[in-house]
Amino acid sequence: MMYSWNLFLLLELTDYYRRTWDEEMKEAYRERVSLFLEASQAYKNSLGILENIPGSMFIDWSQSNDTSHTAPICTAANGLYAFTLQRLGEMYHRTDYIEEAEHVRAVFRKFYDKVKGSRNDLFTMYPFLPDSMTVTEDGLTGNGAYSEAAQYYYFWTGLLSVKDASALWKILKEEYGPCPEKYRGTAHLRVGNCGVFFGYMMRFELLARYGETALLEKEMKHLCGYMLSQDPGTFWETLSGTDSRNHGFGAYYGAIVMRVFLGMEIPDRENKRVRFAPRPGSLRWAKGTMDTADGRISAFWSLGDEGIRMEMSAPEGYQIEAVIPEEYGFARCMTVNGAQTDISGPILTGNKLTLELHRKE
């Protein structure tokens with residue numbers, strides 16, 4: 001058994017439901033979800049967090065999978081468990097799932113307060129949160145194992161936030177990733193590097209989430225460009241490219257490009273709404289399509305000397321919510337579907353959009 005894979009499957013179920021609002025599939029999984037979460041209670045310790053999870057553990061294709069990083073208490077797996085509980089609670093309207101998720105997070109956040117308290121001590125791993133921990137008489141104690149991938153899990157799953165762990169996010173952003181801006185300090189060299197699957201993908205998700213478009217573009221070009229420049233010109237599962245050199249997970253790069261740079265987000269089928277929020281970076285234009293059960297959605301934007309032009313079409317009955325890139329906040333004149341309008345927040349229109357935003361004269 002690989003417990004973390006089960007958690008990812010349940011997360012995918014909630015993602016699928018958010019895209020499709022497929023009530024039949026949601027209900028078909030209800031009993032299995034309930035049984036899985038009931039079985040998970042057997043691995044709860046006195047603090048109410050998972051300990052000694054059976055089977056192998058997959059965090060990332062790196063040393064983060066080693067037993068010293070995952071046992072007896074795997075911090076990343078507990079973060080993933082809490083995230084999954086939260087999403088399942090929202091989908092099935094189970095407040096007990098959501099309350100349990102908050103309890104798990106509270107235990108680790110309390111420990112992280114101790115980490116932050118060690119900021120001025122000598123020879124600590126501040127501001128990193130340990131990959132694995134042990135329960136002692138004094139509560140949780142770190143086991144001295146740290147990995148880059150696990151740190152991404154903490155932010156991605158909501159175990160930590162950029163607000164509460166700003167120093168950690170700054171170090172991860174500047175000293176880690178496929179092409180770091182700065183060299184690491186001596187202590188930080190003890191943090192094991194991550195791989196593509198899932199480490200760098202979570203990193204890219206976080207860069208997108210926190211508006212680091214320029215850095216995301218730089219790192220994707222660096223990593224993807226390296227892979228594509230080698231035979232056979234495909235995306236790999238591992239960084240070395242010595243095996244699994246045509247892995248389906250590489251399709252996720254396309255999802256990031258579509259959602260971030262093109263700005264076409266996954267549509268809300270229940271409310272019949274799709275968001276169009278380009279983040280151009282250094283690109284001059286982008287276009288793409290997405291086929292849904294309701295029909296095709298297409299989007300296009302281009303930059304010119306006069307400003308930006310955005311076009312989108314969605315199935316009948318949909319509304320388009322357009323968000324102008326922050327870089328074009330200087331503009332003063334905007335035309336939406338042929339009518340001049342003020343520039344003030346997102347633009348909500350029908351299922352056809354033509355937006356032209358002109359530079360200030």
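**Legends to the close-up views**

**View 1. Ring pairs link Trp5, Phe8, Phe58, Trp61, Phe83, Tyr153, Trp156, Phe197, Phe198, Phe249 and Tyr252 into a cluster.** The structure is a predicted model, in which local features need pLDDT of at least 70 and side-chain atom pairs count only at pLDDT 80 or more, whereas totals for chains, interfaces and linings use all residues. Residues are numbered from 1 along each chain as its sequence is written, and side-chain values use heavy atoms, with hydrogens and water left out. Rings of Phe, Tyr and Trp (its six-membered ring) pair if their centres lie within 6.5 Å; planes under 30 degrees apart count as stacked, over 60 as edge-to-face and the rest as tilted. By this rule there are 22 aromatic pairs. The centres of the Trp5 and Phe197 rings are 6.1 Å apart and their planes stand at 40°, so this pair is tilted. Distant parts of the chain are linked by the pair, since Trp5 belongs to helix H1 (residues 3–20) and Phe197 to helix H8 (residues 196–209), 192 residues apart. Helices (H or I, at least four residues) and strands (E, at least two) are DSSP runs, numbered from the N terminus. Trp5 counts as partly exposed because its relative accessibility is 35%, while Phe197, at 7%, counts as buried. Buried means under 20% relative accessible area, exposed over 50%, and partly exposed in between (1.4 Å probe, protein chains only).

**View 2. Trp169 and Tyr210 form an edge-to-face aromatic pair.** The ring centres of Trp169 and Tyr210 are 5.1 Å apart, with 75° between the planes. This pair also links distant parts of the chain: Trp169 is in helix H7 (residues 166–175), and Tyr210 is in the loop between H8 and helix H9 (213–229), 41 residues apart. Trp169 is buried, with a relative accessible area of 5%. Tyr210, by its relative accessibility of 28%, counts as partly exposed.

**View 3. Tyr153 is a member of the largest nonpolar core.** A nonpolar core is a set of buried Ala, Val, Leu, Ile, Met, Phe, Trp, Tyr and Cys residues joined through side-chain atoms within 4.5 Å. The largest such core holds 82 residues, of which Phe128, Tyr153, Leu216 and Tyr253 touch the most other members. Apart from neighbours within four places in sequence, Tyr153 is in contact (heavy atoms within 4.5 Å) with Phe8, Phe58, Ile59, Ala76, Leu80, Phe198 and Met202. A second, separate core of 24 residues includes Tyr328, Met334, Val336 and Leu355.

**View 4. Lys26 and Met25 both have their place in helix H2.** Helix H2 spans residues 23–40. Lys26 counts as buried, because its relative accessibility is 5%. The side chains of Lys26 and Glu23 make a polar contact (3.2 Å). A polar contact is a pair of N or O atoms within 3.5 Å; within protein, one must be able to donate a hydrogen and the other to accept it, and residues adjacent in sequence count only if both atoms are side-chain atoms. A polar atom of the Lys26 side chain also lies 3.4 Å from the backbone oxygen of Met91. Not counting residues up to four places away in sequence, Lys26 touches Tyr17, Met91 and Tyr92. Met25, at 29% relative accessibility, counts as partly exposed. With neighbours within four places in sequence left aside, Met25 is in contact with Leu13 and Tyr16.

**View 5. Six strands form an open sheet in the order S5-S6-S7-S12-S9-S10, with antiparallel pairing.** The edge strands, S5 (285–292) and S10 (339–341), each pair on one side only. Two strands pair if DSSP finds at least two bridges between them. From one strand to the next the twist averages 15°; axes are lines fitted to C-alpha atoms, for helices over the stretch in contact, and angles run from 0 to 180 degrees between N-to-C directions. Helix H10 (residues 252–262) lies across S5 and S6 and runs at about 120° to S5.

**View 6. Strand S7 (residues 307–313) is mostly covered, with five of its seven residues buried.** S7 pairs with strand S6 (residues 295–304) in the antiparallel sense over seven bridges, and two residues lie between S6 and S7 in the hairpin that they form. Phe300 stands opposite Glu311 in S7. Seven bridges also join S7 to strand S12 (residues 352–358), again antiparallel; there, Gly307 has His358 as its bridge partner.
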